[in-house]
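Work through the exercises below with the chain open beside you, and try each task before reading its solution.

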Amino acid sequence: MQCPHFDVGECRSCPLMGVPYARQLADKQAAVLAALADAVDADTVVAEPFASAEAGFRNKAKLVVTGSAAAPRLGILDPRQHPRHHDGAGVDLRDCGLYEAGMEGVFDACAAAVTAAGLEPYDVAARTGELKNVIVTLSPDREAMVRFVLRSADRLDALRAAVPGLLDDLAARGTPAAVVSANLLPEHVALPEGDEEIVLAGGPTLRMELNGIGLRLRPQGFFQTNTAVTEGLYATAAAWVAEGGVPASAWDLYCGVGGFAFHLARAGVRDVWGMESSAEAVAAARETAAELGLADRARFSDGDATSALSFEKRRAPEALSSKKRRPRPDAVVVNPPRRGIGAELADALEDSGVPTVLYSSCNPATLAQDLARMPSYRVARVQVFDMFPQTRHAEVLTLLTRR
């Protein structure tokens, strides 16, 4: 993959740009196996990495808006004050090669809407202006979710007035909008979005169909940015869990919108329960369950997944009626953030007696730390899923079985 922004030094988001892709995969495989050296043994089945397309794979963009309302730039801030831009404020990355086909047109339509609404980009140094970021997600059905991150509601009416034109523009480009929203981020902080979301057009969710399962995504929900590799991840996870016989029950901790949970349910797991800290993600997962006719088999709760297994140990014995106690599952899936599952959940899994754990990690270092806390489990299978080509990041799926 070649990138003009990388070549002239105005973007370094892809540090492995120019490294042959086969070498990228080999290096990631070696780095993951080195990190897991104390957990992987001679009997561990180590699969070849699940490869991605080198370019055109990202389904989501978080673009900083700079320039002016008349001539907005959607991309990144340029800390080096690149001479190609007289104000040095930012680099326009609408033509970035990482994004899926069709997204550049969505970005152009968003830029036109910014101009139509007269939204002045937020100036970080001066702390003036209203529009901070534009966040775009494109579904496999080529529907878009478009979010405008504003400093306040002062220009909300102007943005609302520009939305009909944006909808027409997107429809004409073949990427109709399922959701258009405004997100409010009043604080002067380096965050992509705030807590308050205001839907301006469309419904509350974007449908993301993976392997024939229509997952629902709300504006503030998390979803993997590489659709094709995510399909591979979910399909592999379901196959691994079922290969020794389909478990009767499974928990999906840090479940997000339920990707693992619904794939396990489709594989035949009769009782699936997911837990996620985001109430918005849980609401979306429940909507998917209802659409798929799985509301009686796939249930979801919002809460701290870290304490899901240890919660009942801290409750008074008289409160542990059989009606309230959730039976121990036959399998547990964990898909934590980069910090890993941590000591509490690792210790709880170690003591749980759960025979099968599927651990999906975006950080091999914290994965290794967590595995060291669970000596009763051995790594039966491991595979790298290359969610992030052109970088050193890797998603790692491990199947853990009790010794």
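Two strands are taken to pair if DSSP finds at least two bridges between them. The model used throughout is a predicted one.

**Exercise 1.** Determine which way strand 2 and strand 5 run relative to each other, and how many bridges join them.

*Solution.* Begin with strand 2 (60–67) and strand 5 (131–138), which are joined by 5 bridges and run antiparallel. To place this pairing on the residues, find Lys62, which stands opposite Ile135 in strand 5. Then turn to strand 3 (residues 72–77), which is antiparallel to strand 2 and is joined to it by 4 bridges; here Thr66 stands opposite Arg73, and a hairpin through 4 residues connects strand 2 to strand 3.

**Exercise 2.** Find which residues have the most contacts inside the largest nonpolar core, and which element gives the largest share of it.

*Solution.* The largest nonpolar core has 45 residues, and Val146 and Phe148 have the most contacts inside it. Among the elements that give two or more residues to this core are strand 6 (144–150), helix 4 (156–172) and helix 3 (103–117), and helix 3 provides the largest share, 9 residues. As a next step, follow Phe148, whose contacts beyond four places in sequence include Cys110, Leu131, Leu159 and Val180. Another core, of 43 residues, lies apart from this one and includes Leu264 and Phe385.

**Exercise 3.** Locate the residue that UniProt lists for "active site", and name its contacts.

*Solution.* The unreviewed UniProt entry lists Cys362, which is found in the loop between strand 15 (356–361) and helix 9 (364–372). Leaving aside neighbours within four places in sequence, Cys362 is in contact with Pro336, Pro337, Arg338, Ala394 and Glu395.

Conventions: Residues are numbered from 1 along each chain as its sequence is written. This is a predicted model: local features need pLDDT of at least 70, side-chain atom pairs count only at pLDDT 80 or more; totals for chains, interfaces and linings use all residues. Side-chain values use heavy atoms; hydrogens and water are left out. A nonpolar core is a set of buried Ala, Val, Leu, Ile, Met, Phe, Trp, Tyr and Cys residues joined through side-chain atoms within 4.5 Å. Buried means under 20% relative accessible area, exposed over 50%, partly exposed in between (1.4 Å probe, protein chains only). Contact means heavy atoms within 4.5 Å. UniProt positions are given in the numbering used here, feature names are shortened, and annotations may be inferred rather than shown by experiment.
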